[in-house]
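Please have the sequence and the viewer open for this one. I will start at the ligand and then move to the record and the backbone.

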Amino acid sequence: MGRIGIMAALHDEISSLLEAMGPDAERTRVGRRDYYTGAIHGREVVVVLARVGKVAAAATAVTLIREFDARVVVFAGLAGAVARDVAVGDVVVATALLQHDLDASPLFPCYEVPLLERSRFDADRATSERLSLAAREYLAEVLPRQVPADTLAAFGVADPRVHRGVIISGDRFVGCGAAVRGLRDELPDALCVEMEGAAVAQICYEYDVPCAVVRTISDRADDEASASFSGFLSRVARYYSAGILERFLTMAW
Ligand code: ADE
């Protein structure tokens with residue numbers, strides 16, 4: 001299968017994963033980022049903190065592929081809910097990704113990546129199925145033991161679910177009711193919004209490398225989004241990403 005590239009935007013999202021790599025992980029600095037190569041559950045990985053936004057994510061994905069020979073790229077992190085039936089604490093695994101802030105119209109159709117003739121980039125089906133399974137197992141078996149019930153209740157997490165569908169990305173934290181309603185109207189099949197996934201998916205498409213994106217919902221992208229996001233990040237996020245990814249890495253393929 002080759003080396004798996006694992007990316008996140010924020011430190012809390014991969015801190016536990018770096019711990020799981022242990023002291024043998026090798027750190028290499030490229031373009032102001034630290035890439036940690038090593039193994040988790042016997043699987044070769046390279047883990048990197050990409051930082052926030054599409055440019056950061058795209059640059060990191062290229063480095064993972066070209067310098068670290070990643071044969072598949074997985075992005076894990078948080079997102080704001082767009083679809084009404086997606087709740088805080090749910091997990092979304094992308095089937096396809098689109099940049100909601102890309103608009104070169106009237107020269108090209110809105111959302112289309114100029115000269116690439118597409119606006120949506122598919123996630124790798126097999127990798128995404130494994131991630132969905134890992135997420136389902138994590139939610140059912142591990143989350144209730146890992147995170148105290150009152151913490152989950154504080155975020156309204158009662159019966160978290162895994163969704164598969166379209167994830168949209170843009171260089172903007174969406175934190176206002178009007179903005180999220182606008183996205184819902186414009187892109188009715190979007191499940192959640194974040195700031196990196198579609199950039200990674202575009203790079204992986206251009207390099208012919210399979211990619212997958214898994215997002216935990218931290219907020220509803222509405223007027224309360226920034227408070228919900230910050231609380232979720234500090235109290236819950238690190239369990240989800242690492243828990244799902246560790247399960248994913250133990251699966252046979
Ligand atoms: N990541 C987590 N929540 C987000 C939001 N509301 N907008 C963009 N990215 C996010």
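There are 13 residues around the ligand, and the closest of them are A79, G80, F173, V174 and D219. Before going on, note that this is a predicted model.

From the backbone of G80, an N or O atom is 3.2 Å from a nitrogen atom of the ligand. V174 also uses its backbone: one of its N or O atoms there lies 2.8 Å from a ligand nitrogen. With D219 the side chain takes part, and an N or O atom in that side chain is 2.6 Å from a nitrogen atom of the ligand.

How much of the ligand does the protein bury? On its own the ligand exposes 260 Å², and 96% of that is buried by the protein. As for where this happens, the ligand sits in the largest pocket.

Next, the elements behind that shell. Those that give two or more residues to the shell around the ligand are β5, residues 70–81, β9, residues 190–194, and β10, residues 211–219. Which element gives the largest share? That is β5, with 3 residues in the shell. If you sort the shell by class, you get 8 nonpolar, 2 polar and 3 charged residues.

Now the record. UniProt, in an unreviewed entry, places the feature "domain: Nucleoside phosphorylase" at residues 3–249.

Last, two details of the backbone. Please find the loop between β6, residues 91–99, and β7, residues 120–122, where P106 lies. Is the peptide bond that joins S105 and P106 cis or trans? The bond is cis, with omega at about 10°. Y111 also has its place in the loop between β6 and β7. Its phi is near 80°, which is a positive value in a residue other than glycine.

Technical notes: Residues are numbered from 1 along each chain as its sequence is written. This is a predicted model: local features need pLDDT of at least 70, side-chain atom pairs count only at pLDDT 80 or more; totals for chains, interfaces and linings use all residues. Side-chain values use heavy atoms; hydrogens and water are left out. A residue is near a molecule or strand if one of its heavy atoms lies within 4 Å of it. A polar contact is a pair of N or O atoms within 3.5 Å; within protein, one must be able to donate a hydrogen and the other to accept it, and residues adjacent in sequence count only if both atoms are side-chain atoms. Accessible areas come from the Shrake-Rupley method with a 1.4 Å probe; for residues, only the protein chains shown count as cover. On a 1 Å grid over the protein atoms alone, a cavity is a set of points where a 1.4 Å probe fits but cannot get out, and a pocket is an open set with protein on both sides within 12 Å along at least five of seven lines; lining residues have an atom within 4 Å of a point. A molecule sits in a cavity or pocket if more than half of its atoms lie within 2 Å of its grid points. Helices (H or I, at least four residues) and strands (E, at least two) are DSSP runs, numbered from the N terminus. Ala, Val, Leu, Ile, Met, Phe, Trp, Tyr, Cys and Pro count as nonpolar, Asp, Glu, Lys and Arg as charged, and the others, Gly among them, as polar. UniProt positions are given in the numbering used here, feature names are shortened, and annotations may be inferred rather than shown by experiment.
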